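This report describes one protein model for a reader who has not seen it before. Please look over the sequence and the structure first.

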Amino acid sequence: MNSKFLDRVTLELNDIRDAGLWKEERVIQSPAGSQVKVPQGDVLCFCANNYLGLANDSRLVAAAAQGLKERGLGLASVRFICGTQDRHKVLERKISEFLGYEDCILYTSCFDANGGLFETITSDQDAIISDSLNHASIIDGVRLSKAERYRFTHGDLAELERHLIASKDKRTRIVTTDGVFSMDGDIADLKAICELCDKYDAILHVDDSHSTGFVGKTGRGTAEYCGVSGRVPILTSTLGKALGGASGGFTCGPKQVIDLLRNRSRPYLFSNTLAPAIVEASIACIDLLASTTELRDRLEANTMRFRSGMTEAGFNIRKGVHPIAPLMLGDAKVAQEMAKRMLAEGIYVIGFSFPVVPKGLARIRIQISAAHTFDQIDRAIAAFTRVGKAMGVIS
Ligand SMILES: *Cc1c(COP(=O)(O)O)cnc(C)c1O
């Protein structure tokens, strides 16, 4: 191969390493769960999006096996050619019913759901107003649209309102926000955002990837938590986090919007359909969550135990109620070193630093699961306390 090209790539890799931004991938030799096997031995996992502990749930795995047996590996097609099974339709109906929408369209990821949304529903006559901390897939999706783009500082609703005023001559204004912001565990103030959207006749899109299935009293997500159920017209979310953790995503909305996406959305039209095993597991997952709130209730109790235990131990845990519990450390090296020492203590966590989070706000992002036992949570707090004292993070 052209050696100049490879030299350039090597230089870029060196820059990444020199800046301390190289991403090591730890290898796991077991299914996901509260405990996972890594080369160093069995460790407790506190950094997965496996919020409801369903990623290796025997009922979901059995449903997936049945899907595999009865419907094969996949459809070898996109939906509109020969990629739609009856079970895809069932899953779309169940998600719509569970979340209170007219219709739903499946994608192979939420990244694709966001990637195929904005370009399809807007043109240069429209405007999109986006929170500055929105997920990369929203940012990329918005980039594909010809609409005028506005960005407001994370959570700054006065700035959002100024953009709504500035864009008043546009045909349609779409306001887009994460329901929960993944690095902070912050929940968007959907009540106030809905009021602004009503006042200025804008359409709200929420990405509830870190909420669907467990945020809100019955796990319907941030709209339920914020008391605005039924007032978020367009919702995207993932099957790859709380809802089983395999992969897949979806968009919910009014029937006309979903029909337009089925006809025009490029990741849907030009990418393979969701695999039957995942479809079947997802149906079982939605049925389970519609029948009981037991898992999200346990997750809530686990989250409160961890957050209060760590705060009492003297740690700076970012305030909130979400199972994303960021331990704020400031310095990137401290975050890296602490994560390393925690692994030696049998606790698997990851340090996050610039550019994933702002400079000077390095942290360990701890994520709680319904699969954790109180004993495992207490062991994690005790290990953090030992390491925190040894490193001088707490006294
Ligand atoms: C994880 C995440 C996604 C991507 O979901 P995938 O289904 O894994 O592509 C999109 N948006 C948000 C807010 C997320 O947290």
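How many salt bridges does the rule find across the interface of domain 1 and domain 2? The rule finds 4 salt bridges there, a salt bridge being a side-chain nitrogen of Lys or Arg within 4 Å of a carboxyl oxygen of Asp or Glu.

This is a predicted model, in which local features need pLDDT of at least 70 and side-chain atom pairs count only at pLDDT 80 or more, while totals for chains, interfaces and linings use all residues. Residues are numbered from 1 along each chain as its sequence is written, and side-chain values use heavy atoms, with hydrogens and water left out.

**The two domains**

The domain assignment gives domain 1 (21–51 + 293–391) and domain 2 (58–291); such bounds come from an automatic or database domain assignment. The centres of domain 1 and domain 2, taken over C-alpha atoms, are 27 Å apart. At the interface, 20 residues of domain 1 are in contact with 20 residues of domain 2, where contact means heavy atoms within 4.5 Å.

The size of an interface is often given as the accessible area lost when the parts come together. Between domain 1 and domain 2 about 1,600 Å² is buried, and carbon and sulfur atoms give 57% of that area. Buried area is the accessible area (1.4 Å probe) that two parts lose on being put together, summed over both. Tyr51, Arg296 and His322 supply 32% of the area that domain 1 buries against domain 2, more than any other three residues.

The rule also finds 9 residue pairs in polar contact across this interface, both residues being at pLDDT 80 or more. A polar contact is a pair of N or O atoms within 3.5 Å; within protein, one must be able to donate a hydrogen and the other to accept it, and residues adjacent in sequence count only if both atoms are side-chain atoms. On the side of domain 1 that touches domain 2, the elements giving two or more residues are helix 14 (294–312), strand 10 (324–330) and strand 13 (362–367). Helix 14 gives the largest share of that side, 4 residues. Helices (H or I, at least four residues) and strands (E, at least two) are DSSP runs, numbered from the N terminus.

**The sheets**

Strands of a sheet pair through backbone hydrogen bonds, either parallel or antiparallel. Two strands pair here if DSSP finds at least two bridges between them. The table lists two antiparallel pairs.

| Strands | Bridges | Bridge partners |
|---|---|---|
| Strand 3 and strand 9 (residues 249–253) | 5 bridges | cysteine 104 and cysteine 252 |
| Strand 1 and strand 2 (residues 41–45) | 4 bridges | valine 36 and valine 43 |

An open sheet of 7 strands has the order 3-9-8-7-6-4-5, with mixed pairing. Its edge strands, each pairing on one side only, are strand 3 (103–107) and strand 5 (148–152). Neighbouring strands of this sheet are turned by 20° against each other on average, direction ignored.

Helix 4 (residues 86–99) packs on the sheet and touches strand 3, strand 8 (234–238) and strand 9, with its direction at about 125° to that of strand 3. Helix 7 (residues 136–143) lies across strand 4 (127–131), strand 5, strand 6 (173–178) and strand 7 (203–207), and runs at about 160° to strand 6. For these angles, axes are lines fitted to C-alpha atoms, for helices over the stretch in contact, and angles run from 0 to 180 degrees between N-to-C directions.

An open sheet of 3 strands has the order 1-2-11, again with mixed pairing. Strand 1 (35–38) and strand 11 (347–348) are its edge strands.

**Single residues and pairs**

By the salt-bridge rule the count comes to 27. One joins aspartate 126 and arginine 171 at 2.7 Å, N to O. Aspartate 126 lies in the loop between helix 6 (118–121) and strand 4, and arginine 171 in the loop between helix 8 (157–166) and strand 6, so the pair ties together parts that are 45 residues apart in sequence. Aspartate 186 forms a salt bridge with arginine 318, their closest N and O atoms being 2.9 Å apart.

Most residues other than glycine have a negative phi, and most peptide bonds are trans. Alanine 76, in the loop between helix 2 (58–71) and helix 3 (79–82), has a positive phi near 50°. The peptide bond from phenylalanine 354 to proline 355 is cis, with omega near 10°.
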